[in-house]
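Subject: Structure for your review

Dear colleague,

Please find below the structure that I am handing over to you. I would be grateful if you would look through it alongside the notes that come after it.

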Amino acid sequence: MSKLPPFLEKQVFEFSYPFFHEEVELFDGESTYKTLSWRPGVRHELTAYGDPLAVADGVGSQIVTVVSVHKPGKFPERVFFTRQWKNPEGKVFGKTKLRVKTSPDFRKLVAGYGFKFEVTQDQTLSV
């Protein structure tokens, strides 16, 4: 078995990630209004046979940046990182909260979205 390369500080991983439209209610200072917003992930719809189907309205990306890598004594190596999203329109958003995973779990994360999904053809949604 070949040894996998180590993760490096400031290393950036950007990979495709599904997004779906979600109706949100916003406040403009005087009143509320409804609009559509991109949300990372998929929505589940039932097929004609009653089986669930994972559906996305578009494909954006997840951006993961390595902050540091530590091997605390006899414990597994840990990767500290931040995560952001880029919606299908190109807008980057997300809290830069520090997160941590073991190296094997981090490797699974940056391998990309781990489930099958279909992208809808109709991009014209309205509220």
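The notes below concern salt bridges and the surroundings of one further residue.

Please bear in mind that this is a predicted model. Side chains of opposite charge can pair when their charged atoms come close. In this structure, the count of salt bridges comes to five. Several of them are described here in turn.

Strands β1 and β6

Lysine 86 and glutamate 14 form a salt bridge, with 3.2 Å between their closest N and O atoms. This pair joins distant parts of the chain: glutamate 14 belongs to strand β1 (residues 12-27) and lysine 86 to strand β6 (residues 78-86), and the two are 72 residues apart. Lysine 86 has a relative accessibility of 26% and therefore counts as partly exposed. Glutamate 14 is also partly exposed, as its relative accessible area is 45%.

Another salt bridge brings together the side chains of lysine 34 and glutamate 23, at 3.6 Å from N to O. Glutamate 23 counts as partly exposed because its relative accessibility is 46%.

The surroundings of aspartate 57

Arginine 43 forms a salt bridge with aspartate 57, and their closest N and O atoms lie 2.7 Å apart. Arginine 43 is in strand β3 (residues 43-46), whereas aspartate 57 sits in the loop between β4 (52-56) and β5 (58-70); the pair is 14 residues apart and links distant parts of the chain. A network of salt bridges connects Arg43, Glu45 and Asp57.

Valine 119

Valine 119 is found in strand β9 (residues 118-119). With a relative accessibility of 35%, valine 119 counts as partly exposed. Which residues does valine 119 touch, leaving aside those up to four places away in sequence? They are Ala56, Asp57, Gly58 and Val59. Valine 119 and aspartate 57 are 62 residues apart along the chain, and 5.6 Å separates their C-alpha atoms.

With kind regards

Definitions and conventions:
Residues are numbered from 1 along each chain as its sequence is written. This is a predicted model: local features need pLDDT of at least 70, side-chain atom pairs count only at pLDDT 80 or more; totals for chains, interfaces and linings use all residues. Side-chain values use heavy atoms; hydrogens and water are left out. A salt bridge is a side-chain nitrogen of Lys or Arg within 4 Å of a carboxyl oxygen of Asp or Glu. Helices (H or I, at least four residues) and strands (E, at least two) are DSSP runs, numbered from the N terminus. Buried means under 20% relative accessible area, exposed over 50%, partly exposed in between (1.4 Å probe, protein chains only). Contact means heavy atoms within 4.5 Å.
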